[in-house]
Amino acid sequence: MQIVIIEGMVSQVVGRHSHKTILLVGIMFLFGSLLVFAGCKAAVNPPPPVAVPAVIPQKADLLGSINVAEVIDDDILTAAYLAWAEGNSDMPPTWEEALDGIESDTGVDLRDFSNIIMFADAQSVASCREAGENASMPYFGVVAEGNLSESVLVDSIESKLGQELITTDYHGYAIYNLPPLDTQDESVSVVFLADGRVVFGDSVAVTDVIDVVRGVQPSISGTVGDLYSKLGDVPIKLVTRVPDSVTGEIPPEISLGPKSLSLLSFHDIEYLTLSLMRKQDVVHTVVSLEFSNSDSAETSYRMMWVAQMASKVIVDDPDVEGLLSKVHLSRSESSVFLTVDMTASEIVDVLSTKSQ
């Protein structure tokens, strides 16, 4: 369930409405969520809290970040991508070719980025997923930091697109509007801030960032900001409020022979977090489900634990059985944690299996 929530919400933010640069951001987060399928060993002490990005609008309740400089050259990520691409003929066969392809198509070289912060409104993302092909662009934005030159990047994008970008002025900031993708009427907007930061996303999110910088709007705070801060300075992390429309897709109960098992406790999931960090040759991943009360957390934890134990008897696929048995469950008050430690070879094995 936690994988569906992460993949579903992130895929909508980085889906058909955006350029390949945003798609690769989604791939990086997706790799992180896939790790929850396997291996748990010793716990890792959590990193110290970090400040919440000051430019993110209050409206955002989905917030994630990637330390691109640290992740993009990581040998485990490279191996994971190769395993994933091997079973997908429409993907570039190597990590370098994927990066080169994005630069060739968009004029953007992710190797110039040091950090990427993604934000969105969780409900608009969920609504986009529910609407399917008729969906409008959700409220989302990406703040990229790095060795970025406005003139060089704009010239490169215009050269690749073969046309000049349309610009509009918003309180002294030049907003560049990329042409719509496919048959969509909506386009991605881009604005350059100071200190080598560029923001791209839907037009409302981009102007909201400008308003935050101007002091007209407040920056993000509250539970999402607190959870994001507590995850610390890790290479990949994600926090999202889980909309009622998403938890509402969980059936109220399931039949177990002549009896029924209530799943209503899972409807009390309010937030979900993902963090991923490297410790020598092991990738440490933690997914937490944040419930509205400790009783629902305890009930859900017990059901997940029983399901994990039952899988050892019911599942007859040794690979799947081995993966499920490695997931470590724990609970603290109203939080349920799924903890994973995986080596590079284990990650490659999981992704190779999923890509077949």
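1. Let's start with Arg302 and Glu298, whose side chains meet in a salt bridge (2.5 Å, N to O); the term means a side-chain nitrogen of Lys or Arg within 4 Å of a carboxyl oxygen of Asp or Glu. Because they are four residues apart in helix α11 (residues 294–314), about one helical turn separates them. Arg302 is exposed, with a relative accessible area of 53% (exposed is over 50%, buried under 20%, partly exposed in between; 1.4 Å probe, protein chains only).

2. A word on the source: this is a predicted model, where local features need pLDDT of at least 70 and side-chain atom pairs count only at pLDDT 80 or more, while totals for chains, interfaces and linings use all residues. Residues are numbered from 1 along each chain as its sequence is written, and side-chain values use heavy atoms, leaving out hydrogens and water.

3. The whole structure holds seven salt bridges. One of them joins Asp61 to Arg241, with the closest N and O atoms 2.7 Å apart. This pair links distant parts of the chain, 180 residues apart, with Arg241 in strand β8 (residues 236–241). Asp61 is buried at 11%, whereas Arg241 is partly exposed at 25%.

4. Asp74 and Arg278 also meet through their side chains in a salt bridge (2.5 Å, N to O). Asp74 is buried, with a relative accessible area of 16%, and Arg278 is partly exposed, at 26%.

5. Finally, do look at Glu96, Asp100 and Arg111, which are linked in a network of salt bridges.

Key. Helices (H or I, at least four residues) and strands (E, at least two) are DSSP runs, numbered from the N terminus.
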